[in-house]
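Here is a short briefing to read alongside the sequence and the 3D view. Please keep both open as you go through the points.

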Amino acid sequence: MANQRLSKRIFHICIICVIIVVIVFIAVMFILNYNVKGETNMPFQVQKISVISSTDGQNVENSEYKWNKNIMVNNDIYIYVEKNEQYKKKETISSVKIDNFNIIKKPQIGEIKIYKQTANDKLLFENIDDYVVNELEFIGSNTTDTKKLQISNQGGVLNFRCGLNNIGTYLSNDDTEINYDYLLKKLNIDETSINAEVAFDITITLDSGKVFKAENIILKVPNDSIVENGRVGKEYSVLEEIVFKRIEN
């Protein structure tokens, strides 16, 4: 009898150990899966990111040349935050923050700065220090107005500029006019010398108090063939690398 009781006790202990191991295994797999995939049914999600790369130039004052241009490449970035139609509960956006900008690959020539939109109705962006930012926060509103740093509380488009300044100087007394699309080629710029990678975080805060954050979103700028074409657009619609995790509620 004593041996039977001991055997049953050992059997029960083994069953409990197996159950504990299974529970721990499931918990670990859940954590690993969450770390890889993050939130799979968010109220709002980043639907796509568009990057418009273009060549431009700023006048150098008091020059003896007819044309004296400080050459730059502008990368205007548009982030589309849209409502997830599969999410059945009612939620509204309180704010969307873009911050923690980090140049993880610096270009060989030029310098990178991040700009917000201008207050000028006729000008979208301008590469001057008045508009340089370290972070951007778009507040939820009835409509999207990026100049006022507002996003519709039902989703909208966010934007900022990643400007690559001081690439080189174009001097000429011969040109009757300038086609900016060809300035990089005229300066014999090697495209690899202006390639860079920019990282940033996006935090979506809802009026309900839920907060979702995606860290270290990486974009390569400028777009390929910028030297050849002067203006190139690229759209990212497959965004598996952007992983949002809930950090509040």
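In this briefing, Ala, Val, Leu, Ile, Met, Phe, Trp, Tyr, Cys and Pro count as nonpolar, Asp, Glu, Lys and Arg as charged, and the others, Gly among them, as polar. The model is predicted, so local features need pLDDT of at least 70, side-chain atom pairs count only at pLDDT 80 or more, and totals for chains, interfaces and linings use all residues. Residues are numbered from 1 along each chain as its sequence is written, and side-chain values use heavy atoms, with hydrogens and water left out.

**Pocket lining**
- The lining of the second largest pocket divides into 8 nonpolar, 1 polar and 2 charged residues. (A pocket is an open set of points on a 1 Å grid over the protein atoms alone, where a 1.4 Å probe fits, with protein on both sides within 12 Å along at least five of seven lines; lining residues have an atom within 4 Å of a point.)
- Strand β9 (residues 211–221) gives the most to this lining, with 5 residues. (Strands are DSSP runs of E, at least two residues, numbered from the N terminus.)

**Salt bridges**
- The structure holds 5 salt bridges, each a side-chain nitrogen of Lys or Arg within 4 Å of a carboxyl oxygen of Asp or Glu.
- One of them joins Asp 76 and Arg 161, at 2.6 Å from N to O.
- Asp 76 lies in strand β2 and Arg 161 in strand β7, so this pair ties together parts 85 residues apart in sequence.
- Both Asp 76 and Arg 161 are buried, meaning under 20% relative accessible area (1.4 Å probe, protein chains only).

Key:
Helices (H or I, at least four residues) and strands (E, at least two) are DSSP runs, numbered from the N terminus. Buried means under 20% relative accessible area, exposed over 50%, partly exposed in between (1.4 Å probe, protein chains only).
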